[in-house]
Each structure stands twice: as structure tokens, then as C-alpha cells.
Amino acid sequence: MDCYTANWNPLGDSAFYRKYELYSMDWDLKEELRDCLVAAAPYGGPIALLRNPWRKEKAASVRPVLDIYSASGMPLASLLWKSGPVVSLGWSAEEELLCVQEDGAVLVYGLHGDFRRHFSMGNEVLQNRVLDARIFHTEFGSGVAILTGAHRFTLSANVGDLKLRRMPEVPGLQSAPSCWTVLCQDRVAHILLAVGPDLYLLDHAACSAVTPPGLAPGVSSFLQMAVSFTYRHLALFTDTGYIWMGTASLKEKLCEFNCNIRAPPKQMVCTHEFLHEVPAASEEIFKIASMAPGALLLEAQKEYEKESQKADEYLREIQELGQLTQAVQQCIEAAGHEHQPDMQKSLLRAASFGKCFLDRFPPDSFVHMCQDLRVLNAVRDYHIGIPLTYSQYKQLTIQVLLDRLVLRRLYPLAIQICEYLRLPEVQGVSRILAHWACYKVQQKDVSDEDVARAINQKLGDTPGVSYSDIAARAYGCGRTELAIKLLEYEPRSGEQVPLLLKMKRSKLALSKAIESGDTDLVFTVLLHLKNELNRGDFFMTLRNQPMALSLYRQFCKHQELETLKDLYNQDDNHQELGSFHIRASYAAEERIEGRVAALQTAADAFYKAKNEFAAKATEDQMRLLRLQRRLEDELGGQFLDLSLHDTVTTLILGGHNKRAEQLARDFRIPDKRLWWLKLTALADLEDWEELEKFSKSKKSPIGYLPFVEICMKQHNKYEAKKYASRVGPEQKVKALLLVGDVAQAADVAIEHRNEAELSLVLSHCTGATDGATADKIQRARAQAQKK
Amino acid sequence: MAAHLSYGRVNLNVLREAVRRELREFLDKCAGSKAIVWDEYLTGPFGLIAQYSLLKEHEVEKMFTLKGNRLPAADVKNIIFFVRPRLELMDIIAENVLSEDRRGPTRDFHILFVPRRSLLCEQRLKDLGVLGSFIHREEYSLDLIPFDGDLLSMESEGAFKECYLEGDQTSLYHAAKGLMTLQALYGTIPQIFGKGECARQVANMMIRMKREFTGSQNSIFPVFDNLLLLDRNVDLLTPLATQLTYEGLIDEIYGIQNSYVKLPPEKFAPKKQGDGGKDLPTEAKKLQLNSAEELYAEIRDKNFNAVGSVLSKKAKIISAAFEVNNYIEDCIAQKHSLIKVLRLVCLQSVCNSGLKQKVLDYYKREILQTYGYEHILTLHNLEKAGLLKPQTGGRNNYPTIRKTLRLWMDDVNEQNPTDISYVYSGYAPLSVRLAQLLSRPGWRSIEEVLRILPGPHFEERQPLPTGLQKKRQPGENRVTLIFFLGGVTFAEIAALRFLSQLEDGGTEYVIATTKLMNGTSWIEALMEKPF
């Protein structure tokens, strides 16, 4: 135990710092670090090195090399720098390397040295060159701040959403500031700079002078400044060898000391890691002669392993103080802050031991710590080289850690972690497999078949995997065939079809759209095809896809009638062609000749369709149309588009009986219907004389009851009675009742000896007037029953 | 909350609340005051989801009907078009937007497509140069609208014609989508049965969509045990007959639209002559019909006896072909309404597996001469739908179907029914009989008839995770969702409700359809009027 605190250094009265080596870097550096531009990404990220030839006097004859290493020094990439002089390097939050060139261009590289994109920091920067640059991190992303040769600052707070901001001028600034840094407060980036003994704070609107509280007198210049990662703390180093530390808001001093070194340090950084404050839990447990419950518990467990009774004594001690829960918690927490698995284990063992003596200790914290530590130990392995601390890991979240593993192409480890932590597939395994697949399609040395098969074997029907995204990536790499193969596995047609269209595989897109049943998708492809193919090919394609053909017909019906006709023609669908021309005869033509011509075309089509009936009917219609035209000319009035029936009626109503009869004969209107027609028309005219003449013209094919009914409808009882007598025996009773002759109806019913008729008459016997009739019926009934 | 939706075994308020939430979320996306421009067809169905008060709460200040030219003036920040995805509507919208831009302060435009956003329509808007004017273009998946505690409808008028005549499956796709929404709310339905081409397609789409949605595993305990998909063309006869239930008759006579009936004002005139003339109502009275009204809930599915006895006689003469011919002939001669005539002719054709060519031609000629030659298009449509056809050499299968499925019952008790045939006073709707036989004893017993009826019959299983499998309590009824593709009548609904209420029935039904209809509205949708 005594050696455990060996690397602890006191800082002030209340805190300790400790330092340990994470990795012994096994990189093989050709240049000295101080000749290089160096950028180490936070949170155990990668390290970039660029030998800086531009700083030296002699011009660069040899192109410099950009090397990227993992945090453990494993080489990730190495490339010749072919672009312009670089002033500064830095890593974005997405672990992209930002290289700020002297001309203000920023080149962005991936972890593996793959060029991503570039952007410029603006014209002003280009003209005045970059004097100095900083990459900084905010909650929105990563930013770049530039100090130009004109001593002006330009910054972009988020390189992902580039918005350049030129900061206001610092009054009287003639030369470069002695030091400067970016501060982020209240979501806004500021610049703190030192000019001689003065400090200035620049925000987007103004430049204001600031003074740190409690600053020792005699400072004539600030040589260095550093801000902590969280932007909460600031350190200033002066030419007097004095260091001031306080809050970044410059409102509070935390401490000061004099290190008696006047020369400016090459670098001063507020570190977070390697050298860090000993966390409270660890301090409690490991502080020499600590009596904290955690410390006691750790001892107890060790004694227990030695099978010593001291274990019991320690345990009692804790229990008597009622601090066992606290002890377990301390051990769990301290384990999290340990880097060495052995130490983690012994702390966790102690926690587990203590838990045995507790009734209800919720298991979550212990279980989660074990899981987290396993994950952390796995990524800290020097092969992986992501030396995260427990608190960094918690801040970063597992999702981001997985992203970083994916970025390093460490797919198997990422999947193992997902499975180990039982993350839901959509967030975990599926996502990683999808990334893997996107990487896989870029391997140009592997054949399309093999890639597609490999991807499908791994991914299968894994929920949440978007094959179309992978296919889009493949298409982006120029591998259309592979993309098509991959799309075969995509179950969502809505994703599949647009990509196929983009790749100009419209026919395949069409069959996929049809499979989906989504008609809108089919329409979309069809309109695409229509523009892409010549008419003949387009029609042929439709012919092979009946569902698409029907849909296209629907479209044409509303949008392109002429095309509809062509489609029917192509299919020799004469029946529909006939109907088409019938419609056309109503829609397009005003003149009778045009309408008749359209109908003639329709009739011809119906003949071709072997629909004799429709053809004949259409010819009849043509005949009728011409006739109606003539009637309008000769008689005036409106005849066109009346039905044959209504034409005859109109003629009768107009008193043109002869013409009406002629028409009925010409069109062979059946007798029965003609009688109904005349009857109705004459009654409407109230031409009772003509009606009577008509009724006597021959024996009525519809009987005489309709005559009675229609007269009654016109409230003409007198006429109705004339016909009632002529009604045949079967309907006589009904007719007599209609004209109100209840007595006679009763007589007929009695004569018929028909029970139903008798009841009917009886139901019409109302009031006193029909009393006698009612009696008569009752008597007849009684008599019938006697028999 | 709409109380009438939560009476049944399945609380359809859950669905209503879900679609209301979706609507509110959309409205809130368009911050500030709003005017809604309505595709008029949508107002009815929307009324069942959200009253004006809900819209008002979300700052909807004005409502207009979509029509050409300029929009009426409105001092609002947002103009939202609520439309079906139809090209002709896009043209009108573009006209509105273009004439709006030229004057006054600019406003934010949005489109809400119901029920589906359409690439085709967006392309049209793009071609017309207005696509960029819309800030939000979204879809509102209002596929199945809850009408009552056991009733859902898509209210898609054209569905039957599109599916069976024009080969346009759009409404089937919406039906499948609607079923996916239902499953998201009420759990995966473990068994799917179906009969007919369209049923087969909907089932295929559902299975496909399920594959698309894998990953977002549904962990809801299934409420429905079965889904039965039925093509309307499996039973063309039933809607042609006159419905004899109370609700069915109201629909036959006055027409029920989106659960509302408009009654003529004279029905509300004071009875005594002396009071007349003073307060005669002049406007049609609009009444809502659903089970929220207790009395209505009780009587809606009962047989309307008085009328029943008269009409049932008419139904029975159908068998005597000769009399029917005369009756139809007389109807034409007296120029009864064309729809009535068409219903009768189709009824006769369907019952006899077609008409003799001579008879068919005679009817057609009579109809064309009496009602006009333009109806040749309508007749053609009816032939395409299979409602009208000549007898072919083959056997008349209808008697076999009728006997096996016991469609015509002689001893029908209309007051205290014992069989579903009471809804047509002696005729049992084939569609409902199929559902009944499926639940007991199963379709295997009627394989022969199923083969005669058009389209395939099938069964699909949707596997459930073990944790969600149901253990049925003894005596607990199954819940079957029955989906009529192409429309359903109130009489059929009444028959299914009768089955649900049977004590030893074993199955309760929730009914879904593309459209609530009757013979009149059905035939009307198939008619074509070229001028």
C-alpha cells in the first residue's frame, strides 16, 4: 500500500495530483517532437504529427510527412504533405484532423489520413496570411480561431456549419499579442489576448480591457495563458515567473505561485489527464492511515482472504459506525478511477465482500461499474489505444465511444461491446454492421458478388440496417452493380426505388415499385420512364407490367386522353376504344356531324370487338341524334340528348302524335312500354279525350288498372271510373277501391270469394257510411265459413 | 373522448386519440394563426376525428373550400391545404398560391396530404413552379376512421371501382397501411384469413410492410385474434338487396353520410293542421347516428318489420324468373329510377350466374332507349364488375352456394332472431355467413363452395414473441377484425353485431371497410355520366 501513493503530489492543502504512464509509446519518431506540429485529440483520441519544415530557415526541399498515431503510438496513417505550409493542427470532436494552412485554407482529414474536404477562412485571412491559429471545442462542435498578419481575429465556432465571424479590432494593436486563447462562455466564443501588461477580451461586438483580481504587481508582460478543457479555469504566466490561476470569467482568483523561471515555457496546458487530481473516493481510501469506511472495508477483505480474524474486527468497526453502505459505495467508485485491472479487482472484491453483509444494497451500481470497467479496459488496451478515464467515458457516452471504435474500423470490438452491454439492436449491433458494410463496399479489390454476399451474410435481416444506405455508398464509390445487388436485400421499396432511378435502372425500379403495392411509387417510376424511353419502348415496358399499365391508364384518363387511345390501340382493346369514342362524342364535339363521326368510330370499334349489341346500339344512337337534329330544325324546342323514350314523350306532349308513333315504330319500342309512355304523357297533358281514344284503339297490353291509377293521381275520379269498369277481374277490387266505390268492391270480392280481397275491402270501410258494406262482408265471411 | 367508441371489446378511442394527436402535432408545427383550405371531400371524415373546437385551439381562424383562382382574404400567418393526393387538386393549389404571391404580405404555405404524401403530386407542384413555396409538406395517415365502437371505414368512395374495374390498387395499399397502424396500436394480429384477389394482395402488402418495420418490434399484447379480409366481389348479391334493418333502411331511403343523415324538413312539420304554417322548418335536419344515442343503439340493427313483410315478398319472387322479368320490364316502362332498375337487373343476373343472352340484350336495349344511350358506358362498367353478364354454358353454381351456406331461410323470426338471415327477412348475407363459418367450424367444411366463389382463399400466420401469446380464459370470446374490401352495408354490420352478441357465439367482430355503402350508392359509383 505504501507504494500506491508514491506518485501522488500535494497541491495546496486539500488536494493531491497523481501521474502515471498510460503507454510506453512504441512509435519510431524520425524527428524530434519539438520540430513538429503536434496535435493530440482529447478523450484519448489520436495524435497527429507534422514535421514542420516551414519554420526553419532553409526552404523545404523535402516534402514533410503527416503521421497519425493512436494514443498508444500505433501508426494509423502516414502521408506526404503536398499542400501549402501549415500553421496549426487540431482535432475536431468527430476526430477529424483540421490542418490550418498559412493561406487560411483548412484541410480536413479522417483518422486514417483520408482527405475529407476543405474550406477557407475567408478572403481577409487569405490576403493577410495566418499568423497563428487555434482549434477549440464547444458544445456545438469544433471551432477554428485565426490570428491574421494584420493582427485581426477571425473565427468559426463550428466547422460543421461554417459561419465566419470577424472579431472587432483591438485598439492600438501594432504587433502580434504576446499570447492569446479562446474562451467559451454562455455559448459564445470570445478571445482573450495579452498585449504587454494589458489583457483584452474580444467578443463579436466589442473589445474590452480586463484585469484578473488579485494579480501580483510588477507584471510587464504575459507570456503564456492556458484555459482548462471545460473553459472554467484559466492560468496566466507572466514575465516575472509568476503564475496566476483563477476562474475563466476573471472574477475570482484560486491560487498563485512563483516558479522563478523567467523564460517562457514552450507550452503550458491545463491538463485533465495523465496528471490529474486524485478523485475523492480514491483519496479517502488510499490516503495514508485513512480510517474512511472504504479503506477499512478494503483492509477487511484482504484480511478475510488471509483467513485472519482481523477481517471481522474491521467489519465490526465499520458496522458499528453504520457506514457499511458508504464503504461499499466508496470502493465501487474508487474502482472506477483505477487504471490497473488488479487494483480495480481488489476494490470491487472488497465492495462485493461488503455487500454480503448488507440486506438491501441495490445491485445496479456494482453491476454497471463492472460492465463499464470491462469496456474501458478493453478500449485502453494498447492495440486499441483509447485511454479514457471513467469520467470521460461517462461524459462521452457509450454511443460516442462506439462511433469512435467504428471510426477506427474496430468493428468486431464494437459489436462485442454492444452484445456485452445488450444494447438494443437498432442502436447497437445494426448500426455498427451498417458502418462496417459501408466500409466494406469501398474495398475495390473485392468483387461485387463477394462484397454483396459478405455483407448479406453478416447483416441478414438485422433490424434497423438500411441496405439502401449501404447501396448509396457503393454507388457513390462508382460500384453500381454492387449497389443493385445490395438493394435486392432492401425491404423498404420507398428507399429502394429512388436510388434505382438515380442509377438509371428504371425498369428494375418499376418492378420493385410494383412489388411494393405503393401506387404513388409506381407512378413516379412511370413518369420517369416516360421521359427516359421513346414512346414505343415505354409502351412495350407497360405491356409487360399489367399493374403499371392499369395505373398509367388511370393517369391518362385524367391527364392525357390521347395517350389513353394509343394504349388501347396498342392492345387491340376495341371494346375500350369504343367506350373511349363514345365519351369523346360527348366531350369534344359541339357539331352534330362531329358527334356522329365519333359515334361511327365507336361503332366500328365495337364491331371489331365483336360486340354486336353495342355496335347496333351506337348506330341507333346516331340515327336518333340525326333525327333529334331534324326535329329541332322542324319543330323547334329541345330534343338533342333526350333519351328515345323522352323524345317520344316530348313529341306527344307537343301534340305531334304521328311523329311519335313513327319514331316508336322505327325504333321498335315494345308495345307495353309505348302504352305506359302514352298513358303517362296524355295524363300529364290532361287530354282525357285523347286518352280515352287511345284506350280504345286496341286492347291494352298493360291492362286498365294503370289508367285508373293515373287518373286518380291527377285527381280525376270521373275519368278514373270510366276505366275501372274495364279492369280485368283480378285487379277489379283494387280498381274499385281506388275510385272509392267500396260497396261495389265488396260485391266483387264476395263474388270472388277471395279472403284477401275481402280483408282489403274491409280495411277500406271507414266511418258510418260504409257500415252496411262492412256488415255485408262479415255476413259473406260467416257464410263462407259455414260451408 | 368520444364515448361511443369505447363501448366495444376494442377501445377505438385509442385510434381516435392517436390520429388527433398526429393532427395537433402537425398544426403546432405551423406556428401562428392559420387558415385551412379544405379538399371538400375530406370535411366529412375529418368531422369524426376533430371538431372545429380542436382546430380553433390550435389557432385555426379561418376555413375555406379549395377552389380555383384567388384565396379569400384572411389575416393569418399560415395557409394550410388539407388535400387528397390528386393531380387535379395540385393544379388548383398552384393557382391559389400563384395568385396569392402577387399581392400583399407573404404568408407561409403548407400542405397536409391525406392519407399519403405523393411524389407524383409533388412533382406536379414542382412542374408548376410552386413546390418551393411550401414550408411543410406532410402526410396525415388517416386511413381508417372510427365510426362507432366496432366500426371503421376508409370512406373511399371510388375504392370498389378502382380495385375491380380499373386495376388501381391505391386503396388496397391504404388499407394495408391502415391495418399496420391498427397493429401498431392494438398489437400484431396473429392470424390472417382471406378470400378474394384483393384480400390476397392486402395480406401480401401487410406481410411485406411488416418486414419493412422490423426492428421497431411491437410489444403490445394483441387485442385482435384474427383478421378476415373479404373481397366485395365474393358477395356481389348482398348489397343489391334492400336492407331491412332500421339503420339499413334509413340509409336506403335517405342515405347516411359520415354517420350523419339529412332528413327532409317536412318530417318535422307539426302534426296538427291548425298549427301549420308558422314554424315550418325549411332546412334539412342533420342528425348523427351512432351508439352514443341509447335508443338508437338498441334499435339500429333490428328488422324493420312493417316494411319487412312487404319487401320480403319481393325478395322471394326472385326465384321465379318469369315474374321478375315482368316486374323489371314494368319498372322500366314506368321509368322508375334507373338505379333501382339497375339494382334489380344486377340482382337477377348475380342470382342466376348470369342472364340468358336474349334477356340481357332486351334489358340493355330497354334501358338505353328509356334512359338514354349514354348509359352504355354504365352498362359496360357493370359488366366489367361482374354484376351483369350473359349465362355461359357452364352450370349455375348459385343454388349450390345457396344450399351449402344456407342463405335462404324459410322460418325467420324478425322479432327475436336466431339467425343472421333476419336482416333481409330470410336472406342471410353470404359475406357474413363466410365469417360465421370461419369461426365455427372452420372453412375446411366449405372448401367446395370456396372454390366456386371468385379469388383465392388463404390463411397466414404472423408469429408472435412467446411473451405476447395469449392464453385464453375459458368462455372468453375471440375478437375478429373483418375487413370488407370494396364496401359493406349496414345490414351486414347488423348481422355481424348479432353474431357478436350471441351468447355461445365465441367471436366478437370489429368491422372495417373501404366504404360504408348501400346498393344505391354502390351502383351510383359505378355509373358514368359523360355529360
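This is a predicted model: local features need pLDDT of at least 70, side-chain atom pairs count only at pLDDT 80 or more; totals for chains, interfaces and linings use all residues.
Is A:D161 buried, partly exposed or exposed? A:D161 is partly exposed, with a relative accessible area of 43%. Over all chains, 67 salt bridges are counted, and chain A and chain B bury about 4200 Å² between them.

**Salt bridges within the chains**

- A:D161 is joined to A:K163 by a side-chain salt bridge, with an N to O distance of 3.3 Å. A:K163 is exposed, its relative accessible area being 58%.
- A salt bridge also connects A:R505 with A:E481, at 3.2 Å from N to O. A:R505 belongs to the loop between helix 14 (493-502) and helix 15 (506-516) of chain A, while A:E481 belongs to helix 13 (residues 480-487) of chain A, so this pair ties together parts that are 24 residues apart in sequence.
- Both ends of that pair have intermediate accessibility: A:R505 is partly exposed at 29% relative accessibility, and A:E481 is partly exposed with a relative accessible area of 38%.
- In chain B, the side chains of B:E383 and B:K364 form a salt bridge at 3.3 Å, N to O. The pair links distant parts of the chain, with B:E383 in helix 16 (residues 376-384) of chain B and B:K364 in helix 15 (residues 357-371) of chain B, 19 residues apart.
- B:E383 is partly exposed, with a relative accessible area of 29%, whereas B:K364 counts as buried at 7% relative accessibility.
- A network of salt bridges links A:E96, A:D114, A:R116 and A:R117.

**Contact between chain A and chain B**

- Chain A contributes 49 residues to the contact and chain B contributes 46 residues.
- Of the area of about 4200 Å² buried between the two chains, 55% is on carbon and sulfur atoms.
- A:Y586, A:F613 and A:R673 supply 15% of the area that chain A buries against chain B, more than any other three residues.
- There are 7 salt bridges between chain A and chain B.
- A:R583 and B:E528 form a salt bridge in which the closest N and O atoms are 2.3 Å apart.

**Nonpolar cores**

- In soluble globular proteins, nonpolar side chains tend to be buried together.
- The largest nonpolar core has 196 residues, of which B:L23, B:F82, B:L229, B:L387, B:L434 and B:F483 touch the most other members.
- Helix 14 (residues 338-351) of chain B provides the largest share of this core, 10 residues.
- Leaving aside residues up to four places away in sequence, B:L387 touches B:L236, B:L240, B:C346, B:S349, B:V350, B:L382, B:W522 and B:L526.
- Another core, of 130 residues, lies apart from the largest one; among its members are A:L347, A:Y411, A:I455 and B:F113.

- An open sheet of 4 strands in chain A has the order 7-8-9-10, with antiparallel pairing.
- Strand 7 (86-91) and strand 10 (115-120) of chain A each have a single partner strand and stand at the edges, so one side of each is left without a neighbour in the sheet.
- From one strand to the next, the twist averages 20 degrees.
- Strand 8 (residues 97-101) and strand 9 (residues 105-109) of chain A pair in the antiparallel sense over 4 bridges. Within this pairing, A:V100 stands opposite A:V106 of strand 9.

**Hairpins in chain A**

- Strand 16 (residues 188-195) and strand 17 of chain A run antiparallel and are joined by 5 bridges. The bridge partner of A:V195 is A:D198 in strand 17.
- The hairpin of strands 16 and 17 of chain A has 2 residues between the strands, and A:G196 in the turn has a positive phi of about 55 degrees.
- In strand 17 (residues 198-202) of chain A, 4 of the 5 residues are buried.
- Strand 17 of chain A is also joined by 4 bridges to strand 18 (residues 207-210) of chain A, in the antiparallel sense. A:Y200 has A:A209 of strand 18 as its bridge partner, and this hairpin has 4 residues between its strands.
- Strand 21 (residues 242-247) and strand 22 (residues 253-258) of chain A pair in the antiparallel sense over 5 bridges, with A:I243 opposite A:F257 of strand 22. Their hairpin has 5 residues between the strands, and A:L250 takes a positive phi near 60 degrees.

Methods: Residues are numbered from 1 along each chain as its sequence is written. Chains are lettered from A and ligands numbered from 1 in the order in which they are written. Side-chain values use heavy atoms; hydrogens and water are left out. Two strands pair if DSSP finds at least two bridges between them. Axes are lines fitted to C-alpha atoms, for helices over the stretch in contact, and angles run from 0 to 180 degrees between N-to-C directions. A nonpolar core is a set of buried Ala, Val, Leu, Ile, Met, Phe, Trp, Tyr and Cys residues joined through side-chain atoms within 4.5 Å. Buried means under 20% relative accessible area, exposed over 50%, partly exposed in between (1.4 Å probe, protein chains only). Contact means heavy atoms within 4.5 Å. Buried area is the accessible area (1.4 Å probe) that two parts lose on being put together, summed over both. A salt bridge is a side-chain nitrogen of Lys or Arg within 4 Å of a carboxyl oxygen of Asp or Glu.
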